[in-house]
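User: Hey, can you walk me through this one? I'm new to reading structures.

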Amino acid sequence: MTAAKAKSDLHHYLRLAREALLWKLDGLSEYDVRRPLTPTGTNLLGLVKHLAGIELDYFGDVFGRPYPQRLPWMGEDAEPNADMWATPEESRAELIASYRAAQAHADETIDALDLDSTGAVPWWPAERREVTLHLVLVHLVAETNRHGGQADIVRELLDGAVGHRPGTDNMAPGDREWWQRHHARVEAAARAAAEG
């Protein structure tokens with residue numbers, strides 16, 4: 001496989017993961033895109049906000065290509081976890097636009113550099129700090145998919161919607177009754193194992 005093909009494949013999977021994450025917001029109210037559904041506050045719009053900053057850090061600062069505008073939630077004076085939730089003043093449209101702008105900046109870096117181009121991740125341990133574009137692409141495909149998995153669960157908890165992306169749900173065939181029976185079977189197995 002050529003380096004160009006490898007880069008193209010990685011970039012393709014990053015783009016798919018980005019779109020899958022944004023798709024999870026479709027059709028939801030302002031409350032639901034912001035609603036924390038885990039004890040740590042995981043919410044859909046917060047995941048988008050977080051990934052905007054992550055893309056700018058890894059594909060911008062790491063390779064000496066800083067984005068001209070600093071996202072306020074990524075500054076040194078930002079409160080802890082500020083990138084993981086949306087304030088009432090931050091609109092869905094603005095945060096999605098920030099993520100799209102971060103993606104465009106990242107795409108420019110990906111297009112401009114070779115896979116073996118090096119950068120430095122200042123927040124990583126010194127012995128691992130020097131990285132290649134290849135490693136950063138792999139890292140961001142994994143990171144975006146990890147957060148996409150969180151978005152899958154949050155969306156299912158919100159309204160029962162499931163799926164990988166529009167037209168591809170990657171789910172076993174079954175109607176609502178089938179899934180209720182499946183859920184009951186999994187619950188029964190868990191209880192039986194616990195009673196062991």
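Predicted model: local features only at pLDDT ≥ 70, side-chain atom pairs only at ≥ 80, totals over all residues.

User: Ok, how many residues does helix H1 have?

Analyst: H1 has 21 residues, 3-23, and reaches 30 Å from its first C-alpha to its last. Helices here are DSSP runs of H or I, at least four residues, numbered from the N terminus.

User: Which residues of H1 are buried?

Analyst: Among them are Leu10, His11, Leu14 and Arg18. Buried means under 20% relative accessible area, exposed over 50%, partly exposed in between (1.4 Å probe, protein chains only).

User: And what covers the buried residues of H1?

Analyst: The cover includes helices H3 (44-59), H4 (92-112) and H5 (133-159).

User: Arg18, buried or exposed?

Analyst: Buried, with a relative accessible area of 2%. Arg18 touches residues including Glu55, Tyr99, Asp107 and Thr144, leaving out residues up to four places away in sequence. A contact means heavy atoms within 4.5 Å.

User: New topic: where is Arg34 found?

Analyst: Arg34 is in helix H2, residues 30-34. Its side chain reaches the backbone oxygen of Glu90 at 2.6 Å.

User: What about Pro122, buried or exposed?

Analyst: Pro122 counts as exposed, at 52% relative accessibility.

Terms used
Residues numbered from 1 in each chain as written. Heavy atoms only, no water. Helix = DSSP H or I, 4+ residues; strand = E, 2+ residues; numbered from the N terminus. Expected span 1.5 Å × (residues − 1). Polar contact = N/O pair within 3.5 Å; in protein donor to acceptor, adjacent residues only side chain to side chain.
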